[in-house]
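Colleague: I would like to go through this model with you before I set anything up. Could you take my questions one at a time?

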Amino acid sequence: MKEVLHIQPKNSTRNGASNERRETPTRGTMDSCGRCMKVSLVAINVVTFLSGLLAVAIGLWIWTSRSFSSTLMSNNMYIASVVVVVAMGAAIMLLSFLGCCGAAKEVKCMLLTYYILVFIIFVAMLVGGILLFVFREKVISTLDREMHASMPNYGVKHEYTRAWDDTQSHLQCCGVKSHNDWNGNVPESCCKEVYPGKRLDCRYSPNPTTMYMDGCLNKTIDLLREDAAYVGAVAIIVALIMVLALIFSCGLFVKIE
């Protein structure tokens with residue numbers, strides 16, 4: 001009997017090998033959960049960038065238009081807290097770019113760096129928020145004494161003169177608790193403004209129609225609490241977004257092979 005030899009064609013071998021290569025999963029690919037985390041992390045970083053921009057905008061707004069009474073306080077915690085808000089907002093904006101690049105390029109080193117920096121900023125914001133609350137109450141408790149101590153510097157030192165004039169004009173108040181705190185030397189900024197640059201004459205006949213009768217102490221305290229509420233609201237929003245960023249960056253780091 002003759003043995004029949006079955007010779008397999010070479011193309012079939014190649015086709016089989018190519019089929020095996022097609023069936024073999026590509027290294028570095030992610031499942032649908034990983035892709036969802038990737039898209040979510042990019043979206044969260046876009047929101048993080050916008051929240052950082054909001055923090056910078058609110059910080060600059062408080063610094064430029066609402067810090068007129070800061071000179072009347074003996075410590076610089078008010079301005080320091082505003083500077084921290086602006087600096088944190090700028091850092092968050094820069095960090096969001098790192099997070100977007102790490103997620104889009106699927107680079108584990110960048111994601112790890114992003115995770116560590118986000119965690120550090122999150123802890124710093126948490127500690128800063130606690131300190132801001134503590135020092136805010138401290139500033140408020142000593143504000144009465146500090147405002148009285150600054151009154152003799154009115155007309156002597158330019159920064160105190162401007163601070164009192166700006167405070168009394170913007171808050172529409174006079175003195176610490178009333179115009180009597182000036183002992184008869186009532187500044188022109190205590191007089192009601194008819195239109196910009198023109199005030200009523202109130203220094204020789206103080207009365208409610210020509211002069212601001214409320215003291216500046218309570219209005220300054222209300223201003224400080226309002227500013228702290230703005231900063232606190234932004235800090236809470238940013239903190240919640242950063243928690244989501246930590247979760248998704250950690251998940252994406254694990255999913256990348």
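Modeller: The answers below go from the overall chain to the helices, the loops and the cysteines.

Colleague: What kind of model is it, and how are residues numbered?

Modeller: It is a predicted model, in which local features need pLDDT of at least 70 and side-chain atom pairs count only at pLDDT 80 or more, while totals for chains, interfaces and linings use all residues. Residues are numbered from 1 along each chain as its sequence is written, and side-chain values use heavy atoms, with hydrogens and water left out.

Colleague: How many helices and strands does the chain have?

Modeller: There are 6 helices and 2 strands. Both are DSSP runs numbered from the N terminus, helices being H or I with at least four residues and strands being E with at least two. From the N terminus on, the order is α-α-α-α-α-β-β-α.

Colleague: What share of the residues is buried?

Modeller: Of the 257 residues in the chain, 36% are buried. Buried means under 20% relative accessible area, exposed means over 50%, and partly exposed lies in between, with a 1.4 Å probe and protein chains only.

Colleague: What share of the contacts joins residues at least 24 apart?

Modeller: Among contacts between residues at least 6 apart in sequence, the share is 69%. A contact means heavy atoms within 4.5 Å.

Colleague: Where does UniProt place the transmembrane region feature?

Modeller: The unreviewed UniProt entry places it at residues 39-63, 78-100, 112-135 and 228-254. Those positions are in the numbering used here, feature names are shortened, and annotations may be inferred rather than shown by experiment.

Colleague: What does the model show over residues 39-63?

Modeller: Residues 39-63 are 100% helix and 0% strand, with the end C-alpha atoms 36 Å apart. Residues 228-254 are also 100% helix and 0% strand, and there the end C-alpha atoms are 39 Å apart.

Colleague: Which backbone oxygen lies 2.7 Å from its side chain?

Modeller: That of isoleucine 44, which lies 2.7 Å from a polar atom of the threonine 48 side chain. Leaving aside neighbours within four places in sequence, threonine 48 is in contact with Ile92, Ser96 and Ile241.

Colleague: Changing topic: what is the phi of glutamine 172?

Modeller: The phi of glutamine 172 is positive, about 55°, although this residue is not a glycine. Glutamine 172 is in the loop between helix H5 (158-171) and strand E1 (193-195), and it counts as partly exposed at 45% relative accessibility. Asparagine 183, found in the loop between H5 and E1, has a positive phi near 55° as well. Asparagine 183 is exposed, at 68% relative accessibility.

Colleague: Now the cysteines. How many disulfides are there?

Modeller: The count comes to 3 disulfides, a disulfide being a pair of cysteine sulfur atoms within 2.5 Å. With the bonded cysteines numbered in sequence order, the pairing is 1-6, 2-3, 4-5.

Colleague: Which cysteine pairs with cysteine 173?

Modeller: Cysteine 216, with the two sulfur atoms 2.0 Å apart. The link is right-handed, with 95° about the S-S bond. The pair links distant parts of the chain, cysteine 173 in the loop between H5 and E1 and cysteine 216 in helix H6 (residues 216-255), 43 residues apart.

Colleague: And what is the partner of cysteine 174?

Modeller: Cysteine 190, at a sulfur distance of 2.1 Å. The torsion about that S-S bond is about 85°, so the disulfide is right-handed. Cysteine 174 and cysteine 190 are both in the loop between H5 and E1, 16 residues apart.

Colleague: What is the handedness of the disulfide of cysteine 191 and cysteine 202?

Modeller: This disulfide is left-handed, because its S-S torsion is about -80°. Cysteine 191 lies in the loop between H5 and E1 and cysteine 202 in the loop between strand E2 (198-199) and H6, so the pair ties together parts 11 residues apart in sequence.

Colleague: Is cysteine 109 buried or exposed?

Modeller: Cysteine 109 is exposed, with a relative accessible area of 56%, whereas cysteine 36 counts as partly exposed at 46%.

Methods. Polar contact = N/O pair within 3.5 Å; in protein donor to acceptor, adjacent residues only side chain to side chain.
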